[in-house]
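Subject: Handover of a structure, with notes

Dear colleague,

Please find the structure below, followed by an account of what was found in it. I would be grateful if you read the notes with the model open beside them.

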Amino acid sequence: MNGFDAWAKAATDPQRVGEKPEALSGLRVLEHCPGHFGGMVAASILGEFGAEGIKVEPPGGDPARGYAPMGISIAGTGLPFLSEARNRRFVTLSLEKEMGREVFRRLAMAADVIVTSESAERMEERGIGYAGLSRGNPGLIFLALSTYGSFGPHAGRPVKDSDILCQALSGAPYIVGEPEGEGPPQPHQAPTKLGNWHGWFVEGLCGAFGVLAALHFRWETGKGQFIDVSGPEGLMKFADYNITWMHAAGKARKRVGNFDPAVFPYTYIRCRDGYTFIAAYNDEAFESLMTIIGRPELSKDPRFSPPANRVRMENEQALLSILEEWSGNLTADEILRAVEDYTSKQSGPAAAVVTGRVNRPLETLADAHWRERGCFTRVNDSVYGDLLLAAPPWKMSGTPARVKSVCRLPGADNRDVYGEIGYSPEEIDSLIARGIL
Amino acid sequence: MPSDSPGRNGFRAFAEAAFPLAAIASRPEALKGIRVIELATRIFGPATCDCLGEFGAEVIKVEMPLRGDLMRYVSPEGFFWKEMSPAFLSLNRNKLHVAIDVHPPEGKELFTRLAEKSDVVVENLRAGTMDKWGIGYRQLRERNPGIIYAANSGFGQWGPYSQGRASYDATAQAVSGFSAITGFPDQPPMKAGFWVGDYTAALLSATAILAALAARRRTGEGQMIDLSQAEAMIRTLDWTWPYAGRTGQDRRRAGNQDVTLPPSGIYRCADGFVAVSARDDEERAGLFRALSGDSGGEGGSLVPERVARFTAAKTCGEVLRISEEAGFSAAPVVGGREQYHDPHLRARGTVWELDDPLYGRIDEFGPCPKLSESPGRIKWTAKPVGYHNEKVFGELLGLSAKEMEELARKKVIGKWADLPGARPPEAEGPGQPGKTEESARRG
């Protein structure tokens, strides 16, 4: 290996991020996304790279703090909020009154980026939208997150953006899940949602990407801009060739359970201790896999060769049965070893046999590999206690991303933040007394 | 409202002026001037560069001569359109295609010269492969200290699993815990039927590349970005980890219910499926009113079974109409066909009507996000192996025709194999438009 892995570890070790600068230090991000998780993701991603985030909550706290799966809440805040509240300061502000909107405008004049999940049209109506604010701050980058976007025939549909709406309209659930069989459909034979808030996550991630592209443009031109993200459109791209295939063949992707219309084998197979993923879809890799399972003759079987035959649904089903005859007696680790023993002696396309156990979350957590790579972080917060969080996913040699704080109570940073934009302690007291903060 | 606020009409006027599709071609590009070299196959690396290319980066995709990226041969139901797979087209827009065999020294040198003139290198080979070949980050930064090097892989560039273990999208779905929380409680874990582990990680990689470019403006220095696609998926699992940390328990599969925002979820209706969403008390009250009105004013609680009974007897359109009246949110569960024909998505350029110089009209997925000043765009779709060799080697590296011939003779550079997926479309006579395209329009 030329010692590359040792060099790479030394260069990107997350334990040493404190010694290094941050990519986006000095970038001020103002986040106004009540009840919206996607906006938190956008701000978190920028914050992990060093942006200085300020989250504006309604007085009393953001409704998203109340999202509490399994009823678990810590100091009034549920676990989803705590998972995306890192690296920012927390202020409260009521935008219901003009006095509060004036405070928001002053915050916006000192900001580089605004992230909002409120309707762009409604923001404009209230004098805190992009067109108004950018007149005083022409470099402002204004990110609006919504279900249908801010323009187009459906932009006016009155919905409150949520993960399930983003998922439904993205086309993802449509192609996830079991198809209907004979007889009345079973409850699970339905378009199936991704288990996490993936729609919301991708919406926020698209937003962060757009902000950084706009930042690049601002460096070249001095100009800010309005960024319109429709959450479903982010995840829509992940369903890859849906549009192109429709155009070229008039065909749309369908639900095929754990099968795949383009590549096979590319599926989960039952093994002695659960399920594992197995893929070997190009011809050379398929031949490797048939050798590994002790059935080399099958690589020339007309059901499975050429690849176009291999992806016929009845042949995918036949091949799955053959694979499970082999895997049923093996553990996922034994399958991994068998694959690695064989592929380590191959190169190029013949080595493309790929496997990996379908882990429950606790199994992922227990894996020494992720622990060594600092993939999770445990933080003991004075308010929220002991919290386990996913760390930033990137390891970077120059300006590594990092987690610096977990969460703060609503309004915890009011005095600091409002002081910085010129409010005296007396004025801040007065705003609190009037219910603006 | 302050007098200088444009108000409601002001926003509409702004949006109309900011986002007309016809104006996009004449507007500047956000990432113009950024050059990206891609040495990657299948999805994770190519999708990363596709994101950057949509916003104006110049992406040079380096493939092996003849067969090229193996993704060229991944096609739904074995279908090729004008000799190309729809799956490859949708991943490789706005790129320049060159073919270099980087194994011989001349190939390495050619690749290094491209990297010298570039800002970003993206690869997704097994960890350490590029370094072993002498064209990894450690070697390239000697020639170009500003280079930003995105090393995309399954398990990362270091750590116990980094050596030798290959990965695809569904490896990341499987080992991260993502699949274990997707699907129904009484059924096996469900693999997402699309390459979510690749695309999610690709967008995270593209985002980190932009952050590294921002850092380079201050420091002048490049860096290496090590991104594991499994770690990317781990990062997306919201409350899974604090829940495991606090309770010592696994988050369970919950089928089509969003257990955080009950009774939000996907429900069967008379003509398909509909997503019902109630994010706050106001929406829950609206949904409750709708359910009560439906069942003659009965009380009871807001449970999924009741929502299911409510939607089962109605069409999706009826549920949407009722949701707007009652004050909760709903949306249809749609697939590619509905999206392809959706006037909203076409008006937004999310279904992008491309007129490609080689292939003619081909509709593709268009850019997300939408930027008002420097919008993303699709300029052309993927091309045959080595299609832009002369342009890149000649115009960018200054190679003469004779030098290129010599490199081609030594098989260091090359073009397409005579195979569907790699080669150009057959020439069409005048007045003979592609049949498949016509039939698609009828459909």
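In strand 13 of chain A, Gly385(A) is the bridge partner of Asp381(A). The two strands concerned, strand 12 (residues 376–381) and strand 13 (residues 385–390) of chain A, run antiparallel and are joined by six bridges. Three residues lie between strand 12 and strand 13 of chain A, and the two strands form a hairpin. Two terms are used here: strands pair if DSSP finds at least two bridges between them, while helices (H or I, at least four residues) and strands (E, at least two) are DSSP runs numbered from the N terminus.

Please note that this is a predicted model, in which local features need pLDDT of at least 70 and side-chain atom pairs count only at pLDDT 80 or more, whereas totals for chains, interfaces and linings use all residues. Residues are numbered from 1 along each chain as its sequence is written, chains are lettered from A and ligands numbered from 1 in the order in which they are written, and side-chain values use heavy atoms, with hydrogens and water left out.

Strand 10 (residues 351–356) and strand 11 (residues 360–365) of chain B are antiparallel and share six bridges. Within this pair, Val351(B) stands opposite Phe365(B).

Next comes a sheet to which both chains contribute. Strands of a sheet pair through backbone hydrogen bonds, either parallel or antiparallel. Strand 12 (residues 370–371) of chain B runs antiparallel to strand 8 (residues 225–230) of chain A, to which two bridges join it. There, Lys370(B) stands opposite Asp228(A). Elsewhere in the sheet, four bridges connect strand 1 (residues 28–32) and strand 6 (residues 113–116) of chain A in the parallel sense, with His32(A) opposite Thr116(A).

Over all chains, the count comes to 74 salt bridges.

How many residues of each chain are in contact across the interface? The figure is 184 residues of chain B with 184 residues of chain A, where contact means heavy atoms within 4.5 Å. Chain B and chain A bury about 16400 Å² between them, 65% of it on carbon and sulfur atoms; buried area is the accessible area (1.4 Å probe) that two parts lose on being put together, summed over both. In chain B, the residues that lose the most area to chain A are Trp158(B), Arg235(B) and Arg279(B), together 6% of what that side buries.

The rule finds 18 salt bridges across this interface. One of them joins Lys160(A) to Glu282(B), with the closest N and O atoms 3.7 Å apart. On the chain B side, helix 8 (residues 196–219) gives the largest share of the residues touching chain A, namely 16 residues.

Some backbone features remain to be mentioned. Most residues other than glycine have a negative phi, and most peptide bonds are trans. A cis peptide bond joins Ser305(A) and Pro306(A), with omega about -5°; Pro306(A) is in the loop between helix 11 (283–292) and helix 12 (307–310) of chain A. The bond from Pro262(B) to Pro263(B) is likewise cis, with omega near 0°. Met70(A), which is not a glycine, has a positive phi of about 60° and lies in the loop between strand 2 and strand 3 (73–74) of chain A.

With kind regards

Note on methods: Salt bridge = Lys/Arg side-chain N within 4 Å of Asp/Glu carboxyl O.
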